[in-house]
Amino acid sequence: MKTVVLERNEIYTGSLILVNAEYPLRSTPTDLAPAVTGFADISMERCAVEQLQLILDEIGAGNMIVPVSGYRSKAEQTAIYENSLKQNGPDFTQKYVALPDHSEHQTGLAIDLALNTDNIDFIRPDFPYSGICEEFRKAAPEFGFIERYPAGKENITGIAHEPWHFRYVGFPHSMIIAEKEFTLEEYTEYIKSFRQECPLSYSHKGIAAEIFYAPAETEISVNNAVCQVSGNNTDGFVVTLWGYKNA
Ligand SMILES: [Zn+2]
């Protein structure tokens with residue numbers, strides 16, 4: 001039997017890290033790549049880029065959807081925050097712009113997208129619930145992406161409704177989040193009720209996975225399953241074991 005030790009200093013990395021007003025980012029992206037071909041200045045973690053391209057191909061987006069903002073350094077996030085304070089005032093800024101180190105854009109796992117038009121707003125791009133944008137939104141969970149700041153969940157996310165902001169969390173977590181209409185905050189809590197002895201089973205198109213939470217400094221046994229581990233950036237890990245057959 002193979003065992004994996006989950007060390008505390010690893011809880012701040014992985015595709016499921018929760019970054020919000022309460023939990024600052026404590027790691028830096030390691031493998032950034034241009035998010036979309038032709039937009040060299042807008043980058044994301046490579047694992048997310050590959051899946052983003054698959055969504056755009058799947059829906060035949062062509063040049064109808066364009067990236068507006070991907071990875072931001074702390075300095076860039078600080079400048080955006082301060083500019084918005086000056087231009088839009090504190091109320092608007094608090095709703096739409098996260099404080100430095102509390103922005104998902106610093107993770108390299110988030111992207112703002114826009115319908116390709118002549119006038120694209122940098123902070124609030126147009127990404128409607130119709131046409132090609134809605135096709136993107138519907139296809140996204142199958143490729144690991146979620147709409148991160150939905151309407152009606154502002155009191156949980158701390159961020160206003162942002163139809164344009166997508167976050168890579170990885171499959172199948174994205175599917176469960178979409179099916180249950182969770183935010184990442186809610187999913188992070190939900191998973192804590194599943195432990196290795198009693199995991200969450202999920203299957204989709206013949207692929208089965210078991211998902212569970214493990215606190216920091218624990219040891220898990222993984223047998224021969226393919227094991228993926230992500231920190232949750234709060235207190236532990238989300239473990240995904242692939243290859244379990246449905247009973
Ligand atoms: Zn955004």
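**Sheets and cores: a quick tour**

Let's start with a strand pair. Strand 11 pairs with strand 12 (residues 236–242), antiparallel, over six bridges. Strands here are DSSP E runs of at least two residues, helices are H or I runs of at least four, and both are numbered from the N terminus. Pairing takes at least two DSSP bridges between two strands. C227 has L241 in strand 12 as its bridge partner.

A word on the source. This is a predicted model: local features need pLDDT of at least 70, side-chain atom pairs count only at pLDDT 80 or more, and totals for chains, interfaces and linings use all residues. Residues are numbered from 1 along each chain as its sequence is written.

Next, strand 6. Five of the five residues in strand 6 (residues 145–149) are buried, so the rest of the structure largely encloses it. Buried means 20 or more other C-beta atoms within 10 Å of the residue's own; exposed means 12 or fewer, partly exposed is in between, and C-beta atoms are placed from the backbone. Strand 6 runs antiparallel to strand 7 (residues 162–168), joined by four bridges. Y149 sits opposite E162 in strand 7.

Now the cores. A nonpolar core is a set of buried Ala, Val, Leu, Ile, Met, Phe, Trp, Tyr and Cys residues joined through C-beta atoms within 7 Å. The largest has 49 residues; M44, L52 and L113 touch the most other members. Helix 1 (residues 46–58) gives the most, five residues.
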